Amino acid sequence: MCGISGYVGPRTDAGKIVSDGIKHLEYRGYDSWGVACKQDGAIKIQKDTGKISGVDSSIFCSTSSLAIAHTRWATHGGVTSVNAHPHMSGDGTIAVVHNGIIENYQELRDDLITKGHTFKSETDTEIIPHLIEEEMKSTDDFAHAVRNACKMFDGRYALLAMNTTSETIVAARTGSPLIVGVNKTKGGYFIASDIPAFAEHTKTVQYLDDGEMVVCDGKSILFTDIASGEERPKREVEITWSVEQAHKGEFAHFMLKEIMDQKESIARAVNQDEEQIKTIAKAITDAKGTFLVGCGTAGKACMAAEYFFSVIAEHHINFAPASEFKVYHHFLQPESLMIAVSQSGETADVLEAMKVAKSKGAKVLAIVNVEGSSIDREADYTLLINAGPERAVASTKALTGQMAVLMMIAYAMKNQLHEGKTLLLESAGQITELLNPRYVERIEKLAEMIQDKEDLYIIGKSWNYPMALESAIKIQEVSYIHAEGFAGGELKHGPIALIEEGTPCIALVGNDEVTTDIISNTIEIKSRGAMTIGVAPENNEAFDEWLKVPDVGNAQALINIIPIQVLAYYLAVKRGKDPDMPRNLAKSVTVK
Ligand code: M6R
């Protein structure tokens, strides 16, 4: 949600740098944008609703060395250019961009109104430059004024502030991400919500932690604690992924690129330190209760893992959507373990669940894709899935990476880590053949056949049940077709009433102890008129259409979801939707 990009340094095209920066953050989801540049001692702002991608970056100030930019995903106030960031102080000397929610903004706003401030927008953000303006009445030190303002905020935020009288960017964060990029050769600093905003300029980064702020004049940088003002020295970290990984390359969309990348990304996820996996397996065995938490697709990886732990490790583990975890805290003890799963590592509901677990003394293991993210930094231990940047809003390769890591842990609990790794690597090896051009074309044709349907159902059993739920999320979010996933055996308890002549129904099938059951469920819906599509290693007369997948035993869930990801992609494209940026959605959901 909301993307932030700032630059201060020797270059004089700061406006272009930051506007290119927010173009690289489009994947986060947004509905308006804005840029503020300092030029000739004044702050110039340009902002609008809609997409920044079509806007020529060279229109933003011809000579400026200090600029901030923002993509806004509306929370407080509608999608209007007035509500778009940056927001200015009443006297026009201070500009601010902000990600997150200032929960006590109404109270602060009311107080500012009594002091004579007037507001143009309906946003919580606009109070920030006004508060800083108030603080500047008693100091010349811009950073000090920003610090004092931050001390008044309740809620989660990441912000950048600039003013007309200093050559600095002041950034602060509590709960929402901010990363500094340092150009060691040419000088200059970048501050952004995510690395793609500045990856083409530098790979050297420094992470701000919660409750910290940064003051940067383009030549030097100072990290301090917001509350105490104490210095917080930071180490520089070199990021490993390449700029190409973050670009679409030959693919029409990131979603397709990322689906195809699963040929390699699963193997990267499997390539973990074996001793660490064994230590985690032991920690789960010893824990008094282990809770998996995640949201959306990551939540479905957790749900699949419940089955992995049950079938492979014969060990009970609980899953709760992170947003529901609050009511489970009664079960937590200091000896309990939480496993928090997230692609972005920034999902607010997951961070909230972690806070609850930690308050009970429980330890937290994070399984994340983004190194240095809040969840990575706040967890006691982290396993990175190494999927590389995932830019499409629809999560694909992160899901299979998360499931691969969780499945390995389940195997390690049975002292069969080697078997687990071999199975996963062999399964990953079969994806290249699976996703051959003819197969992909066949799925595209299938998408053409069903693109005008209003409803679509997916069924599965065992670990294919969470994959049925995941299939529904994928289809819903990119194609906007009404799709729902069910446990195959549950159909006869209600959902079968939805089946009409020609309703497309997908059955996710493996070659295992539940195959006969799920085939029976498919026959039940076919005999009520459904058009059945089987995703299965073997064809069956229950299927009107068959998408063949390799038989990979316990790893079937990871493979069965892949043709559905491709189907969802083509359903979106055929229906004229942008699969990378679905309406109303954001890549990392940093609000509760
Ligand atoms: O970054 P996270 O994995 O924590 O994100 C969780 C969900 O918001 C995410 O999986 C969402 O459901 C995806 N858009 C689904 O494709």
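The entries below begin with the domains, go on to one interface, and end with side-chain pairs and the backbone.

**Entry 1, domains.** I was working with a predicted model, and I began with the division of the chain, which gives domain 1 (3–239), domain 2 (247–434) and domain 3 (436–592). I then turned to domain 2 and domain 3, and found their C-alpha centres 23 Å apart.

**Entry 2, the interface of domain 2 and domain 3.** I looked up the contacts and noted that 47 residues of domain 2 touch 45 residues of domain 3. For the area, I recorded about 3,700 Å² buried between domain 2 and domain 3, with 70% of it on carbon and sulfur atoms. Which residues of domain 2 lose the most area to domain 3? I found M255, V393 and L434, which together account for 20% of what the domain 2 side buries.

I asked how many salt bridges are counted between domain 2 and domain 3, and the count came to one. I also looked at E390 and K587, whose side chains meet in a salt bridge with an N to O distance of 2.6 Å. Polar contacts across the interface of domain 2 and domain 3 amount to 15 residue pairs, with both residues at pLDDT 80 or more.

By residue class, I noted that the side of domain 2 that touches domain 3 divides into 26 nonpolar, 13 polar and eight charged residues.

My search of the whole structure returned 25 salt bridges. I picked out K421 and E274, whose side chains meet with an N to O distance of 2.8 Å. Since K421 lies in helix 12 and E274 in helix 7 (residues 274–286), this pair ties together parts that are 147 residues apart in sequence.

**Entry 6, aromatic pairs.** I found 11 aromatic pairs in the structure. Because Y7 belongs to strand 1 (residues 3–8) and F190 to strand 10 (residues 189–192), the pair joins parts 183 residues apart in sequence.

I checked the peptide bond from H85 to P86 and recorded it as cis, with omega near 0 degrees; P86 sits in the loop between strand 4 (66–72) and strand 5 (87–88). I also noted D40, a residue other than glycine with a positive phi, near 50 degrees, and placed D40 in the loop between strand 2 (32–39) and strand 3 (42–49).

Technical notes: Residues numbered from 1 in each chain as written. Heavy atoms only, no water. Domains from an automatic or database assignment. Contact = heavy atoms within 4.5 Å. Buried area = accessible area lost by both parts, 1.4 Å probe. Salt bridge = Lys/Arg side-chain N within 4 Å of Asp/Glu carboxyl O. Polar contact = N/O pair within 3.5 Å; in protein donor to acceptor, adjacent residues only side chain to side chain. Nonpolar A, V, L, I, M, F, W, Y, C, P; charged D, E, K, R; others polar. Phe/Tyr/Trp six-rings, centres within 6.5 Å; stacked < 30°, edge-to-face > 60°. Helix = DSSP H or I, 4+ residues; strand = E, 2+ residues; numbered from the N terminus.
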